[in-house]
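Dear colleague,

I am passing on the structure below, and my notes on it follow directly after. Please read them with the sequence and the structure open beside you.

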Amino acid sequence: MTLMRTLPLRVEPVPGEALDSWLEAVSRQLRTPWNDLLPDLGLSDLRQHPQKHPSWLTLLPDAEAAALSAATGVEPARLRRMTLAHYDGRALVVEPKPRMIHPRRLWGRSRGSFFCPDCLRENGGRWLLRWRLGWSFACVKHRRLLGDQCPVCCRMPRLQPYPASHLSEPSRCMNSLAGQARTRGRAALRCGHPLTEVPHCYLPDGHRALLAQQMLNQIITRDLADMGLYAEHPQNAITALGDFKALACRVINRATRQHLTGVLPDDLVELGAHLLPAELPRDAQTPSRDGGKAPSRSAVTAVSLTAAAEILAQPDVHAAGEAMRWLISIYYPTKPPSPAHVRPWGEGCSPVLNAVIIKALQPTMQRGSVLRYRTGSSLPGTYMHVTAAAGRAKRLPGLMWGRWALRMLPPKGFNVRTVQVALPCLILQTGNTLTHPRAAKILGDASTQESNFRVLHALQNNPRWPDTQRALLRLAEHLDHTPPPIDYQRRRELNYSDVLPEEDWHRFCHAAQAAVGQGPRYLVTRCYLIERISAMPVGLAPELRSQLSGFPATLTPQFVAELEATAHAFLTRCGISEPTVWKPPVKLLDGLALPGFDPAAVQARDIHELMRKQGLTAAQTADRLGTSSHVIHHILERVPLAQNLYQARLAGTKREELKRRLPRVVLAQLGRRYSEAEIARRFSVSNHMVAALRKEYGLPAPPRGNRAVLATDP
């Protein structure tokens, strides 16, 4: 192992200085050219490739760092911070094998450097590392744009290394002069112009370009973007700078002075005016400005990155979308683009920038795309592949849960059933690019595109659409993160042919204490039960559909209990251990003003009072309570009316109760002493019911005439 010799003189690096600038200062202090100095420092010399920038400026290997540290007394970690690798993964990308900067991933620059004349004047000609970043265009300390060209040779400084056999001259241009027989090597004449005398480009304090530079510096230093748009969705530096680059490239490619006027400060536009065309259309002489690589002019960098910062520094996605519309209009001046057209803008960028692009397109977006791209969320865009979206169908019924449909029911022109079949299809397409025909097919073709768009159109035209959209987005996200206890896709695929067969109808009615009834009562009950289990609409003739909608008003507690028992028995036979019905938590709707009716505003006891004691219909009860008959029916499904006398008579409930109170022996004893009318009066039943019970017992008819009155109630 060769021991490195310690240098006789020490030169302290300037904070933030580049490694080659510091070694030039060491060379000048020792009055030793690089050819003689670098081998003693353990670094490769420049004799073989005198015009090539040394690779250790990009990445300093451990062995070279240790040797250089031993010779100079500077810690290896500090030496590595003086190479471009210090910004690897934050402001640029270093290819470790060849030790080179990737020029198009982010804005990396391996040759050349911007500079601040005031800083060079103050620190004695020491070059800062950050000036070589594609993100540096201004000196925040001196409030000025960085220099990008020597005024004499009109080239960027430090494009070529200084001859290794010469001592460098601080603060002077080291580029070779054009027009020589030899423009390379130590024989070539150097420009030598003092870069501290570059014309001034000062900016006032608080200038938006300076604020943009401060924002970029903060992101790079902290490796974190958590300001402006990124406050709610922080991103690392390499991701955030990718957003800056994507927007800046669009500005560089198309923006003209005409476009930038009013968007950026006039003085900044004026500084870059000579580099931008005056107006569109651009002629053939307009130079190409693709922006893929870091711009070579600081004014162009300042204009493009400040324009990007004007968008990304907005407080929320809504404001950023408005700030971005001018940029999209440059590329699509006649016809507004669809999200699919602008999708390449956000490729490889953060979800934050993609959300801004979607928000910028919202005013011209088709109605069906509003939910697809979740424009009402804090981070719009699609977040789910269509295959994953199909999996959401397992968590969605074909008929929207009653309370949710009532809360979103448009004020006029819609039946709740129409809304119930439309909303699941809309929710299934939320956050993905699933087409409507495919979504409807997955959900069992319960809805049509025309009816769904009519519902969506009515909801979007309502002043409460923003909260309605939030409700749909909350529900979709809740279902994605919290699976319900029911597999609705399996429910849709079950065979319901043996649900409540007709031969079981009499047993069902007896257990439910209900009359067998005539006409369509059995068919309506069976359809209601199938819809309850499958959560899918059942096709019925129009005359039966109206009976099905009013069916909850005929329910009794005993009938509901038997319906639940029948449904549970069917699911058990199918090998399914799930609750019959389920609904999402209502708290998801907290704080939202929705266009429909809130069932929580109506009390079940008020409905029972009006319908049982006052004999009002469901529609009359709804008018009295200021709500919809759909709300009345929804509440009666959960809290049914008690059985009235007419229903009890039809069901034989009163007769069964009388049999328990009047066994055969008791009725025979009373019949020998009292008339049937008196027995009926005392037991609060009709004479006909007492006579029928006597006949059922096979007792003889009582003799006519006056009898004693019962002294006490039996």
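On a 1 Å grid over the protein atoms alone, a cavity is a set of points where a 1.4 Å probe fits but cannot get out, whereas a pocket is an open set with protein on both sides within 12 Å along at least five of seven lines, and lining residues have an atom within 4 Å of a point. Grid points are joined across faces, edges and corners, and a volume is the space filled by probe spheres set on the points. By this rule there are five cavities of 30 Å³ or more.

This is a predicted model, in which local features need pLDDT of at least 70 and side-chain atom pairs count only at pLDDT 80 or more, while totals for chains, interfaces and linings use all residues. Residues are numbered from 1 along each chain as its sequence is written, and side-chain values use heavy atoms, with hydrogens and water left out.

The largest cavity holds about 140 Å³ of space, and among its 15 lining residues Glu-24, Trp-34, Arg-158, Pro-161 and Tyr-162 lie nearest the centre. Helix 1 (residues 19–30) gives the most to that lining, with three residues; helices here are DSSP runs of H or I of at least four residues, numbered from the N terminus.

The second largest cavity, with a volume of about 50 Å³, is lined by Tyr-528, Arg-532, Leu-555, Val-560, Leu-563, Glu-564 and Glu-637. Helix 23 and helix 25 (557–573) each give two or more residues to this lining, and helix 25 gives the most, with three.

The largest pocket has a volume of about 980 Å³, and of the 33 residues that line it, Met-400, Gly-402, Gln-420, His-634 and Glu-637 are the closest to its centre. Helix 28 (629–638) is one of the helices that supply at least two residues of the lining, and helix 28 gives the most, with five.

Lastly, the axes (lines fitted to C-alpha atoms over the stretch in contact, with angles from 0 to 180 degrees between N-to-C directions) of helix 11 (residues 317–331) and helix 13 (residues 351–361) come within 7 Å and cross at roughly 70°. Helix 11 is therefore roughly perpendicular to helix 13, a term that covers angles of 65 to 115 degrees. The contact (heavy atoms within 4.5 Å) involves residues including Met-324 and Ile-328 of helix 11 and Val-356 and Leu-361 of helix 13.

With best regards

Note on methods:
Angles under 35 degrees count as roughly parallel, over 145 as roughly antiparallel, 65 to 115 as roughly perpendicular and the rest as oblique.
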